[in-house]
Amino acid sequence: MYFYVAIDIMKMYNNYILIFGGDVVITYNKEKQIFKLDTKNTSYIIGFLRDRLLLNLYYGKKLKDFDYNLSDLSVHGRSLTSVEAGLEGAGQGEIHSLDFSTFGNADLRLPTLHLKYADGSMVSCFKYRNHKIYAGKPLLKGLPATYVEDDSEADTLELELFDELQKVSVTLIYTAFNNIDAIARSIRVKNEGENQVQIARIMSATIDMQSAAMDYDFLHLDGAWARERFVRRQPIYKGNQEIYSRRGISSPHHNPFFAMVRKDATELNGEVYGFNLIYSGNFTAGIECDVYDTTRAYIGINPFTFNWELESGDEFQSPEAILTYSIEGISGMSRIFHKLYRTRLCRGKFRDTQRYALINNWEGTYFNFTEEKLIDIAKKGAEIGLDLMVLDDGWFGRRNDDKSSLGDWFVNKEKLPNGLDGLAEKINAIGMKFGLWFEPEMVSPDSDLFRAHPDWAIQAKGRASSLGRNQLVLDLSRNEVCDYIIDVITDVLSNANIEYVKWDMNRSFSEFWSFGLDSEHQGELCHRYVLGLYRVMETLTSRFPNILWEGCASGGGRFDGGILYYMPQIWTSDCSDAGERMRIQYGTSICYPLSAMGSHISAVPNHQTGRECTLATRGDIATMGQFGYELDMSKMSDEELAQAKEQVKFYKKYGEVFHKGDLYRLRSPFDGNEAVMEFISEDKNTVILNYANRLCTINNAVVIVKLAGLDPDAIYTEVEGHIGNNTFSNMVTVGREYSGEFLMNYGLKFTNQRDFQTTIRIFVKK
Ligand code: GLA
């Protein structure tokens with residue numbers, strides 16, 4: 001079959017070279033030096049202008065054919081801009097839409113790559129040297145990245161450029177996925193000369209959009225501790241709009257994600273470009289819009305805290321950026337990211353399976369627990385059908401508050417006289433698995449570890465250190481520190497039956513300096529830290545493949561694709577209040593799947609907000625993510641325990657629909673009073689509508705929610721659901737049948753009945 005397709009396409013693309021991998025076609029027009037990368041519904045087209053400039057010719061809805069003339073590219077001349085040397089007659093440097101750029105020639109926009117050479121020069125001139133196209137996708141050494149399980153899933157283009165004067169080569173790596181509308185990009189730089197070269201800036205991807213900036217909005221996710229990833233949509237303005245982290249971790253302040261959303265695009269319709277960096281450290285991302293409305297989107301390591309020395313023969317590999325394009329609105333973009341990350345970024349035994357429903361003792365006891373107390377909580381958990389009991393902070397050293405002992409990963413026998421193994425045995429005997437909290441990247445000044453190795457912490461020599469939560473960050477740029485962490489955690493995990501680990505990280509960097517690096521390499525600390533972290537995580541997660549690993553950083557302070565490569569779920573936020581979680585989980589779902597979000601029911605009044613949501617609301621919000629409880633279960637009444645039992649059953653029955661299904665966000669809590677999300681199961685047969693309102697208004701208007709993504713001709717039967725604490729009211733009719741067409745066009749009607757009330761309605765295709 002491919003043969004006939006090939007012949008057809010051959011006819012279309014006279015003198016193109018074709019490479020096939022499944023349905024993906026990367027075509028190369030040698031004469032015009034154009035590369036066309038196709039995913040199922042998108043095309044990404046780049047080409048060289050006289051070997052010298054790599055142009056972005058098109059990115060968007062799939063094009064069958066593509067041809068261009070130089071005259072298509074030229075716009076009116078611009079005064080006070082220079083003609084690129086060697087490109088006389090082809091217009092000024094700044095008018096071209098580029099896919100790769102350096103600073104210092106005629107294009108003065110923020111570049112992809114900025115190198116400093118031994119002679120003090122910062123001017124580069126890269127030209128095409130070579131390229132290869134192959135089926136599959138390479139792994140990135142030492143870095144997390146999306147992957148394929150079979151070479152037919154994607155094709156890769158590696159484009160090599162060379163600076164003849166400075167003897168530096170750059171390889172631009174592009175992968176087009178076959179069935180997922182995503183392009184993965186990264187860059188490798190090699191010093192092929194004799195002299196040292198410094199990398200001052202390296203973006204994983206820059207792309208000059210063909211569209212006028214003013215037609216798009218800049219959408220991104222910002223926040224802070226306990227209010228992570230709130231959705232912001234702002235018009236693009238002239239100038240540089242940027243989101244970033246300089247905090248050492250990707251951080252809750254901005255997420256390494258943004259989108260360009262066409263002005264008329266909504267959640268369900270219209271053009272959206274998404275950009276995400278698979279990286280857990282300092283990043284920068286944004287859009288530079290110049291005075292002519294040309295728009296350069298960029299994403300990569302934050303240059304502010306980065307300077308990398310490249311010795312003769314050395315290579316540097318950038319993290320991976322993922323680019324997506326959808327014409328199905330913001331939800332359409334999210335579905336692409338969700339599928340890619342769920343199936344081809346997350347790894348391991350738990351990637352595709354339903355995860356454990358758990359009980360975590362943190363908000364139930366904080367540091368104040370005994371073995372007996374933990375067993376009591378576990379017993380209640382077992383009674384309601386939970387799978388796992390997690391012991392959070394406070395089990396080690398002399399840690400009775402957050403002032404000491406991080407780094408001393410030895411059990412506190414006063415609290416746990418039978419050790420972790422004894423506790424695990426007792427919990428296992430109840431029928432529950434046992435899980436444990438660590439904060440491996442940290443050290444308390446009051447700890448044996450710090451007293452033995454003060455130089456293992458990130459601190460500036462001769463200066464006082466700023467503490468965050470009374471602790472310092474261990475210097476993971478040093479191999480011996482990483483090895484210590486690997487050994488000490490291996491030891492704990494090998495000596496008790498631990499089947500889940502929560503990996504926490506509770507502060508930002510300060511006093512950026514390493515005792516392990518010489519003065520010339522201090523600019524490498526932050527990136528080397530991330531590489532060290534990834535080595536530690538890779539070693540431990542592959543050494544203990546049967547453990548379910550959950551990431552955490554003061555809640556969702558490091559919720560990124562880098563962590564998801566090692567740990568398939570992340571504690572979404574330290575705010576466990578269902579009312580706030582309506583927003584936090586909604587915002588997080590813009591880029592990340594529900595399967596990645598840890599989400600628990602906690603006690604009321606809520607410890608962060610003081611709010612008192614009903615147990616039903618807390619359940620309806622928590623069951624959408626990786627579900628659990630985080631309260632003292634031994635204090636729950638029989639009635640509450642009975643309701644909790646139903647919640648666990650619900651989660652076990654429908655969890656997969658939330659985690660693997662297609663998400664359609666129907667109403668945004670950032671635009672109004674409701675958060676409405678619809679999930680359609682992988683087999684398209686089950687549809688769950690989660691309608692959550694925030695503040696109720698009296699005598700209010702009816703809210704009509706039109707469903708999306710259904711089969712218009714199919715009949716859907718309403719099978720289960722509830723409004724608030726009630727099982728069913730006459731508004732929801734179990735057994736009633738609706739056509740898909742009706743649900744999508746007429747819709748369902750809701751009224752706001754109570755503050756922070758949720759309604760669940762479940763339909764099954766007949
Ligand atoms: C962080 C985490 C919490 C909890 C505490 C323990 O704040 O986000 O879930 O584990 O640390 O100290």
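## A buried pair of phenylalanines

Phe 257 is buried, and Phe 337 is buried too (that is, under 20% relative accessible area, with exposed meaning over 50% and partly exposed in between, using a 1.4 Å probe and protein chains only). Bear in mind that this is a predicted model, where local features need pLDDT of at least 70, side-chain atom pairs count only at pLDDT 80 or more, and totals for chains, interfaces and linings use all residues. Residues are numbered from 1 along each chain as its sequence is written, and side-chain values use heavy atoms, with hydrogens and water left out.

## Rings meeting rings

There are 46 aromatic pairs in the structure. Rings of Phe, Tyr and Trp (its six-membered ring) pair if their centres lie within 6.5 Å; planes under 30 degrees apart are stacked, over 60 edge-to-face, and the rest tilted. One of the pairs joins Phe 257 and Phe 337 edge-to-face, with 6.0 Å centre to centre and 80° between the planes. This pair links distant parts of the chain, 80 residues apart: Phe 257 belongs to strand E15 (residues 254-262) and Phe 337 to helix H3 (residues 329-344). Helices (H or I, at least four residues) and strands (E, at least two) are DSSP runs, numbered from the N terminus.

Tyrosines get together as well: ring pairs tie Tyr 44, Tyr 59, Tyr 174, Tyr 216, Tyr 273 and Tyr 325 into a cluster.

## Arginines over rings

Arg 347 puts its charged end over the ring of Tyr 565, 3.6 Å from the ring centre. Over at Trp 571, Arg 581 lies over the face, at 4.6 Å from the ring centre. The test here is NZ of Lys or CZ of Arg within 6 Å of the ring centre and within 35 degrees of the ring normal.

## Around the ligand

The ligand has 13 residues around it, the closest being Asp 392, Asp 393, Lys 502, Gly 555 and Asp 574 (a residue counts if one of its heavy atoms lies within 4 Å). That shell splits into four nonpolar, three polar and six charged residues.

Taken alone, the ligand exposes 300 Å², and the protein buries 96% of that.

## One more phenylalanine

Phe 162 sits in strand E8 (residues 154-163), and counts as buried because its relative accessibility is 11%. Its C-alpha atom is separated by 9.5 Å from that of Lys 190, 28 residues apart along the chain.

Technical notes
Areas by Shrake-Rupley, 256 points an atom, 1.4 Å probe, with all protein chains shown as cover. Nonpolar A, V, L, I, M, F, W, Y, C, P; charged D, E, K, R; others polar.
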